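Subject: Structure handover: salt bridges and nonpolar cores

Dear colleague,

Please find below the structure for your review. My findings follow directly after it.

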Amino acid sequence: MRTSLKYAVSTAAAMLFGLSLCNAGKPVVIYQVSDPQLGFTAKNKNMDYEIATMLKAVERINATSPDVVVFTGDLVHNCKDEAQWAEFKRLTGEINPEIPRYCIPGNHDIVSKTEKFDMGPYTSHMGEDRFSAEIGKVLLVGMNTDYLKYTEGTAEEAAQVEWLRETLAGKEKGGVSIVFGHHPFFLDKADEPEEYFNIRPDKRKIYMDLFKEAGVTAVFCGHKHDNYVTADGDMPVVTTSAIGKQLGNAESGIRIIVCHKGKVWHSYLTPEEIPDGRKAVIRKVLGK
């Protein structure tokens, strides 16, 4: 299965929400961390705010030992700022090396203008733009939604679609598959019109149909810097707020996803709300 050659990352955060299916044995704990976007608050003059929130996240990750951490894009605010990339790597380098990390790009990690689309800033620092990983019967798939938002009919997008089909077909019988992206496919309703924070309807339908055909359990995204929990039919579609600067009513946080005994739960928590120890985290997310 495909993983990043240089780096890998993911995010965990809030709002209790039960789904179906999953590993019937040991709980699988996934932290989704989205939009650290170093430099956003001070408009690239400094990274003080984002460094502080990321340090809190790293401390909680190390204290609670999730099975994997997924960073869902916008790692930096200015993709051409080498200091921002270096600081992101320094901060995430403080995560216990025994905890796998996976990463996908956001729009601030690349040159996203349609007339000059360039993945180079991201791939030169982080490696490949998508990943897949298996933990027990849980299949995690991270995709590059920048292709959906900023390019049209490219060979790169076509290759990713084929990769998604092949990768999602590898889900174990009775297992769970979770797709991570940066841009939400939609925020409230599957038929909502396109705006800055979502994917346009015709493009959205192609991927939603692909996911439902493949039996995807849930989709988790970021980008909005606020929380939205909705669904397309029986498939939950969740937007996770930022560990960095907020644009809505949420506080800086992490989405914690727990797969156990045929179900998936998730909860968005601020670092201060995350209890000490892995078992305590699982109990909190499961509401026990």
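The notes below cover the salt bridges and then the nonpolar cores.

This is a predicted model, in which local features need pLDDT of at least 70 and side-chain atom pairs count only at pLDDT 80 or more, while totals for chains, interfaces and linings use all residues. Residues are numbered from 1 along each chain as its sequence is written, and side-chain values use heavy atoms, with hydrogens and water left out.

Salt bridges

The structure contains 12 salt bridges (a side-chain nitrogen of Lys or Arg within 4 Å of a carboxyl oxygen of Asp or Glu). One of these joins Lys56 to Glu272, with 3.2 Å between the closest N and O atoms. Lys56 belongs to helix H1 (residues 48-64), whereas Glu272 sits in the loop between strand E12 (263-269) and helix H7 (278-286), so this pair ties together parts that are 216 residues apart in sequence. Helices (H or I, at least four residues) and strands (E, at least two) are DSSP runs, numbered from the N terminus.

With a relative accessibility of 42%, Lys56 is partly exposed; Glu272, at 57%, is exposed. The classes are buried for under 20% relative accessible area, exposed for over 50%, and partly exposed in between (1.4 Å probe, protein chains only).

A salt bridge also forms between Glu194 and Lys149, at 3.3 Å from N to O. Here too the pair links distant parts of the chain: Lys149 is in helix H4 (residues 146-150) and Glu194 in the loop between strand E7 (176-180) and helix H6 (201-213), 45 residues apart. Glu194 is partly exposed, at 43% relative accessible area, whereas Lys149 is buried, at 17%.

Nonpolar cores

The largest nonpolar core has 59 residues, of which Tyr31, Phe71, Leu75, Phe185, Phe211, Val219 and Ile256 touch the most other members. Such a core is a set of buried Ala, Val, Leu, Ile, Met, Phe, Trp, Tyr and Cys residues joined through side-chain atoms within 4.5 Å. H1 supplies the largest share of this core, 5 residues. Another core, of 19 residues, lies apart from it, and its members include Val138, Leu140, Phe220 and Cys259.

Kind regards
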